[in-house]
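Please look through the structure below before reading on. The paragraphs that follow walk through a few of its parts in turn.

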Amino acid sequence: MVIIMGSQKDVMALFAERDIRQLFSGNDGWKIEPVLQSAGSYYRISRDKWVGEEVVLVAVSFDPAPTDDIFAAFDNQPDGWSTRTKKYLLTPQATNTSAIPPHIRVLLMQAFAFAQGELVWLTNKKNAKKVVPQEQTKKEPVVA
């Protein structure tokens, strides 16, 4: 008997989909459809509203600094996606987001983060690494 195990990318994609489903719940009417792209994982998320359809496009990146290929795919939208389509990038915590265009909103993953340049799995296990997000490591000056 041969058991074929999935790849590391498959497991990471499952965690990304879990985060997407938590943010865009089916209870709120959201329908999540994967979109095939060569630059990464993309999802078309939509729900019907009384004035029409609300559409969201979510790209998933596990890179420490997302590449221009991901942003270019947002601009190459198929017919039927309007300029009113909301665009999001789902990325691990502590990702360098300085190059992300302002019209793309950033969503942070709950299960992954970057620590010392390495992608780590955030878990509640006993001997797991603890990662402090970059925002918490900066000390703000105290004003007296």
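In which helix does Asp19 lie? Asp19 belongs to helix α1, which spans residues 8–23; helices (H or I, at least four residues) and strands (E, at least two) are DSSP runs, numbered from the N terminus. The model is a predicted one, in which local features need pLDDT of at least 70 and side-chain atom pairs count only at pLDDT 80 or more, while totals for chains, interfaces and linings use all residues. Residues are numbered from 1 along each chain as its sequence is written, and side-chain values use heavy atoms, with hydrogens and water left out.

Asp19 is buried and yet has no salt bridge, for the nearest side chain of opposite charge, that of Arg18, is 4.3 Å away. Here buried means under 20% relative accessible area, exposed over 50%, and partly exposed in between (1.4 Å probe, protein chains only). A salt bridge requires a side-chain nitrogen of Lys or Arg within 4 Å of a carboxyl oxygen of Asp or Glu; as to charge, Lys and Arg count as positive and Asp and Glu as negative, whereas His and the chain ends are not counted. Leaving aside residues up to four places away in sequence, Asp19 touches Leu90, Met109, Gln110 and Ala111, where contact means heavy atoms within 4.5 Å.

Rings of Phe, Tyr and Trp (its six-membered ring) pair if their centres lie within 6.5 Å, and planes under 30 degrees apart count as stacked, over 60 as edge-to-face and the rest as tilted. By this rule there are 5 aromatic pairs. The rings of Phe15 and Phe112 are edge-to-face because their planes stand at 90°, with the centres 5.6 Å apart. This pair links distant parts of the chain, Phe15 being in helix α1 and Phe112 in strand β5 (residues 105–115), 97 residues apart. Phe15 and Trp121 form a tilted pair, since their planes are at 55° and their ring centres 6.1 Å apart. Trp121 lies in strand β6 (residues 118–121), 106 residues from Phe15. Phe112 counts as buried at 7% relative accessibility, whereas Trp121 is partly exposed at 43%. Ring pairs link Phe15, Phe62, Phe112 and Trp121 into a cluster.

Turning to the strands, 7 of the 9 residues of β3 (residues 52–60) are buried, so this strand is largely enclosed by the rest of the structure. Two strands pair if DSSP finds at least two bridges between them. Strand β2 (residues 41–49) pairs with β3 in the antiparallel sense over 9 bridges, and a hairpin joins β2 to β3 through 2 residues. With strand β4 (residues 86–93), β3 pairs in the parallel sense over 5 bridges, and Val60 stands opposite Leu90 in β4.
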